[in-house]
Amino acid sequence: MNPAVRCLSDGQYNLAEGIIRDEHTGHLWWTNIHAKELWRMKPGTGVHKCWHLPQRLGCFALTQNHDVLLVALETGLALFNHARDEYTRLVSVETALPKTRTNDGRCDRAGNFIFGTMHEGSPEPVASIYRFDTEGKLSRLDLPKVAISNSICFSPDGKIMYWCDSLQHKIMQSDYDAATGAVGNHRVFVDLGETIIEPDGSTVDADGYLWNAQWAGNCVVRYAPDGSVDRVIDMPVAQPTCVTFGGAELDTLYVTSARNGLSAEALAQQPLAGAVFEIRFDDVRGLPENRWLGAV
């Protein structure tokens, strides 16, 4: 029997994404992309805080300083000291491509920030996936161009990188060297086939199983390391967007969702669209969120 899916934050976020948890403070963080908002809450307290940003925030990473996040704003990376509400611009991204913006991303097991972009309003694969290393150097990973980067995460040993172009309806995996950023041996991990369902954000648990939020699929799916379906968690919303593990025992999966693009009829049928959810397990444990280990 599947565990209960509980609404944690019914904020009716238009496009909640990029959820991560700081294991040191217990805070959950996520972005509401189109509203240019960064949100924080601590489960069990109900206390929320919101920061309004100068640009849309695609994804972000924890750093070694609990007051500072590495943020991927739509046109570049910056350090954001949320205690002081101060930004330090670091590097621009795809300034020659005005119709792309940052999208999905996560740190690898060695503390480098891996993130991708997306081509807004077009299926043309002109976007890329990048590595911002611990020395502050930005480089493009040797991966095929994409229309919508998503599902970026890493195996427990860090030697396999998962990624996708959501419009291809496939999750890919590649051999990955965290020391150099070299990627190779690209192969299909999961093929969703001819469907409207798009793979969105993913995370990997302590057993090396990948959890994927499936946009337009009303579910979160756990895949075994061989790509087979281990379990399907039905969601009360059509558009789950991203997942992360938390809780004192790393036994709780947190899931963001979106209202973006849904008709009035669809929203009436799923009043929790845009909420953040939690699912507690007895038999699954996650891994702590990796941090960017560059200087802050």
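Student: How do the residues lining the largest pocket divide into nonpolar, polar and charged?
Tutor: Six are nonpolar, five polar and five charged. Bear in mind that this is a predicted model.

Student: How many residues line that pocket, and which lie nearest its centre?
Tutor: The lining of the largest pocket has 16 residues. Nearest the centre are Leu 15, Arg 101, Met 118, Ile 148 and Trp 215.

Student: Which elements give two or more residues to that lining?
Tutor: Those are β10, residues 100-107, and β18, residues 198-204.

Student: Where does the largest share come from?
Tutor: From β18, with three residues.

Student: And what volume does the largest pocket have?
Tutor: About 240 Å³.

Student: Switching to cavities. How many of 30 Å³ or more does the structure hold?
Tutor: Three. The volume of the largest cavity is about 130 Å³.

Student: What lies nearest the centre of the largest cavity?
Tutor: Arg 106, Arg 109, Thr 203, Glu 289 and Asn 290. They belong to a lining of 13 residues.

Student: Which elements each supply at least two residues of that lining?
Tutor: Four strands are on the list: β10, β14 (149-154), β18 and β22 (240-246). Two names return from the pocket, where β10 and β18 also give two or more lining residues.

Student: How does the cavity lining divide into nonpolar, polar and charged?
Tutor: Seven residues are nonpolar, three are polar and three are charged.

Notes: Residues numbered from 1 in each chain as written. Predicted model: local features only at pLDDT ≥ 70, side-chain atom pairs only at ≥ 80, totals over all residues. Heavy atoms only, no water. 1 Å grid on protein atoms, 1.4 Å probe; cavity = no way out; pocket = protein on both sides within 12 Å on 5 of 7 lines; lining within 4 Å. Points joined across faces, edges and corners; volume = space filled by probe spheres on them. Nonpolar A, V, L, I, M, F, W, Y, C, P; charged D, E, K, R; others polar.
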